[in-house]
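Dear colleague,

I am passing the structure below on to you, and after it you will find my notes on what came out of the analysis. Please read them with the model open beside you.

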Amino acid sequence: MSENLEEYTNKVIEEFEAVSKDAERVQRETLKSILEDNASAEYLLSLGLNGRTDPESFKACVPLVTHEDLEPYINRILAGEKSSILTRKPITHMAFSSGTTQGKSKYIPWDPDSIMVHSKLIFHTAFAFRNRAFPIKNGKVLSFSYRKNPTENEAGIKVATATALVTGDEQYTPIMAAINSQVCSPQEVTLCPDFEQGLYCHLLCGLIFRDQIQFLYTPFAHSLVNAFRTLEQVWEELCNDLREGVLSSRVTDPSVRTAMSKILKPDPELANLIHKICTGLNNWYGVVQELFPNAKYLLGIMTGTMLPYVERLRHYAGEVPVLTSDYGASEGWIAVNVHPTVPPELASYTMLPQIGYFEFLPLAQNSIAKPVGLTEVKVGEEYEIVMTTPAGLYRYKVGDVVKVTGFYNSTPEFNFVRRSNLLLSINVDKNTENDLYISVMAASKVLAKEKLDVIDFTSHVDLSIEPGHYVIFLEISGEASEEVLSECCNCLDKSFIEAGYVTNRAINLIGPLELRVVRRGTFHKILESSVGRGAAVSQFKTPRCVPSTNTQVMQILTENVEKKYSSTHYN
Ligand code: AMP
């Protein structure tokens, strides 16, 4: 690490220490600044805030809202009304959330100025802590990123996914350059309209610059797994390209071909080395450490819906650590990972009190529970996050549940627990994303006996026949025997241990759980179909429960079912 970078990261950590010691005051100031700026916005005026900026008046006047409550305002902005609706300055950008978890896309007001200030804070703070534990040298990042430039709607509002809005902002490159995190792929590759072609080129760029790669990155871990699964299939073609210095004909995009021709030169020696490495691997274990000898870590969001991919990533990574990055949403940044050495399974995120005004809604059993302030949370309790941002979201329920694990000075730290909406329920049973994860992990141990992995999974509540029952769709890495799959099915059923489920299963008010094994590549088809409908690859999250109304995904799953099993566990 250059001395300047070390000095800089020390300064960033000092600033973080100071702010985290004074979280309550910083929160008040953040709220004051948001409310002062937007005092003349129609939304706040209509609630009678009358220019007051203290948390007490704010909470008394402004209700908790969901995205649905704000839709009428958002629709007016999208239709081109230029008045101060949610913010004093009219909103010019909207983040388009892919809706991959819920099957419904959302437009979310976006303020580029504040978001880029917060992005810098998050990226630099996380880097400063990470670099103490895993220092990188001057080099490059192999980043599996895909981006579409914003489109303008008829009213001139710029629309793109949150990742594209951040990474496409002109400030992004200098922000990353300041922490030695420049990507190895040309911009044309990141912008390639066909993400499979883009991914192929990212892999090729990574191999060309293999000695310089300091870490591998993707916004969500799923894309890293997808990248290495693709490598398993295309490595020989990549070797040919390196040998000949000619890009495979699978890449047809002219601007990408031109950009790649500037860096791809015939290099038989490199091609032979990569060939030797790939053929010498045992089931691709440790491919990262072998191909990228100077890589210090793999980085991306690895918690929540991404946790199921961590084991597979560790397999590819070998000795290279896998680190979870930060926590944010299209609505805004929320928290940073300042404990990079903690494995994703135990990772906690730390709130930055200057990037928004945060409240925590206790998940107490009674419905009148009131949100508490950032410094008032209790360790061990679960809360839903409520945020107020400079982009015109006031007391907005993000839909995520977190569990407070402690404090960093006076600012809270928490585990990401799950999305707040219930996943699986037929009558009184209540099983969440976490319960599903636990059940699938138990089943994957059964599969491991035959050296097989769960590639991906989702669930569905089937109410089409009485009694309703849970359906779990699994994509598995190879052929499992009938006995093992039946055992898996029973294991899934018995691993849902929530009282409502267990009692209702025992008296057949909930029917036997069904395991449906889908063909290899089914979940990739779901990804492709989401992308075809405008979702961003880098923000893709496999939906963990598919309602019947999500007809596209339901159809893909149903058409690809190879085998079905019904649980006998409660017989
Ligand atoms: P999006 O709707 O695409 O903007 O995705 C935002 C959502 O991704 C959040 O509300 C979370 O549910 C999830 N998410 C983002 N960061 C993390 C993280 N570090 N750990 C777990 N889930 C996350």
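Two strands are taken to pair if DSSP finds at least two bridges between them, and the strands themselves (E, at least two residues), like the helices (H or I, at least four), are DSSP runs numbered from the N terminus. This is a predicted model, in which local features need pLDDT of at least 70 and side-chain atom pairs count only at pLDDT 80 or more, whereas totals for chains, interfaces and linings use all residues. Residues are numbered from 1 along each chain as its sequence is written, and side-chain values use heavy atoms, with hydrogens and water left out.

With that settled, I begin with the sheets. Strand β1 (residues 93-97) runs parallel to strand β5 (residues 158-160), and 3 bridges join them; within this pair, His93 stands opposite Lys158 of β5. Both strands belong to an open sheet of 4 strands with mixed pairing, in the order β2-β1-β5-β4, where β2 (106-110) and β4 (151-152) are the edge strands, each pairing on one side only.

A second open sheet has 8 strands in antiparallel pairing, ordered β9-β10-β11-β16-β15-β14-β12-β13. Its edges are β9 and β13 (372-373), each of which has a single partner strand, so one side of each is left without a neighbour in the sheet. Inside this sheet, strand β10 (residues 332-336) and strand β11 (residues 349-351) run antiparallel and are joined by 2 bridges, with Ala335 having Met351 in β11 as its bridge partner.

The protein chain is divided into domain 1 (5-109 + 354-419), domain 2 (135-320) and domain 3 (433-566), with bounds that come from an automatic or database domain assignment. The centres of domain 2 and domain 3, taken over C-alpha atoms, are separated by 30 Å, and 20 residues of domain 2 are in contact (heavy atoms within 4.5 Å) with 20 residues of domain 3.

A polar side-chain atom of Asp400 is 2.7 Å from an oxygen atom of the ligand, a side-chain N or O atom of Gln539 lies 2.8 Å from a ligand oxygen atom, and a backbone N or O atom of Asp326 is 2.8 Å from a ligand nitrogen atom. Taken alone, the ligand exposes 500 Å², of which the protein buries 92%, by the Shrake-Rupley method with a 1.4 Å probe.

Two backbone details remain. The peptide bond from Glu466 to Pro467 is cis, with omega near -15°, and Pro467 lies in the loop between β17 (454-462) and β18 (469-476). Asn180, although not a glycine, has a positive phi of about 55°, and is found in the loop between α8 (172-177) and α9 (187-190).

With kind regards

Notes. A polar contact is a pair of N or O atoms within 3.5 Å; within protein, one must be able to donate a hydrogen and the other to accept it, and residues adjacent in sequence count only if both atoms are side-chain atoms.
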